[in-house]
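Here are a few exercises to work through with the model open beside you. Try each one before you read its solution.

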Amino acid sequence: MDLCAELTLQVMRFVQQPRDHPASPLEWIFAPHGRRERWAAAREHLSRAPKPLIAAPLAEPGMIALWNIGTFDDEQRVRAEQRFANQLQWLNKGITHLGLAPTDLFLFETDADQFELPVAELARWLGEYATMVPWTIGEGVDTRRRARLMIRRSNGDWSPGKACHFH
């Protein structure tokens with residue numbers, strides 16, 4: 001299983017689902033082409049898509065807009081590449097601050113699920129996907145899951161965890 005594609009779906013689901021009624025869409029719809037896929041096929045679609053990729057949750061649960069930055073004009077591509085570089089720079093500062101090794105685990109926890117991935121895979125995710133949602137990292141919950149990935153919904157609610165402050 002491609003952990004980065006899976007994390008993308010997990011993040012999209014979290015930001016689109018209401019806090020009081022966590023649920024999963026029966027299928028994902030990818031804009032602009034309208035492709036419809038169930039979870040495993042959607043994950044495979046993301047896994048095979050050319051990278052780097054911008055993935056944005058749309059207002060309707062289960063809908064994701066995708067853009068491959070290779071199709072952008074020069075000016076747009078430079079801006080998008082800078083976003084990817086900024087994501088990785090911020091993550092690297094956090095990894096150093098938290099004293100993490102590439103094999104240490106991040107926990108992404110939602111109202112309904114927990115998803116774990118190694119530091120190296122989170123770095124790969126941020127190099128391949130820009131999800132257009134606010135995120136940060138923080139201290140973990142135990143010695144095995146030494147850090148958290150936290151995502152913010154558009155209403156300001158964060159996934160569980162406490163952000164660490166570093167510059």
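**Exercise 1.** Does Ser159 count as buried or exposed, and why?

*Solution.* Start with the ground rules: this is a predicted model, where local features need pLDDT of at least 70 and side-chain atom pairs 80 or more, while totals for chains, interfaces and linings use all residues. Residues are numbered from 1 along each chain as its sequence is written, and side-chain values use heavy atoms, leaving out hydrogens and water.

Next, find Ser159 in the segment after E9. Its relative accessibility is 1%, so Ser159 counts as buried (under 20% relative accessible area; exposed is over 50%, partly exposed in between, with a 1.4 Å probe and protein chains only). Now look around it: leaving aside neighbours within four places in sequence, Ser159 touches Phe14, Phe108, Glu109, Leu149, Met150 and Ile151 (contact means heavy atoms within 4.5 Å).

**Exercise 2.** Work out which strands stand at the edges of the four-strand sheet.

*Solution.* First, read off the order of this open sheet: E6-E5-E9-E8, with mixed pairing (strands are DSSP runs of at least two residues, helices, H or I, of at least four, numbered from the N terminus; two strands pair if DSSP finds at least two bridges between them). Then check the ends: E6 (114-118) and E8 each have a single partner strand, so one side of each lacks a neighbour in the sheet.

**Exercise 3.** Trace how E8 is joined to E9.

*Solution.* Count the bridges: five link E8 to E9 (residues 147-151), and the two run antiparallel.
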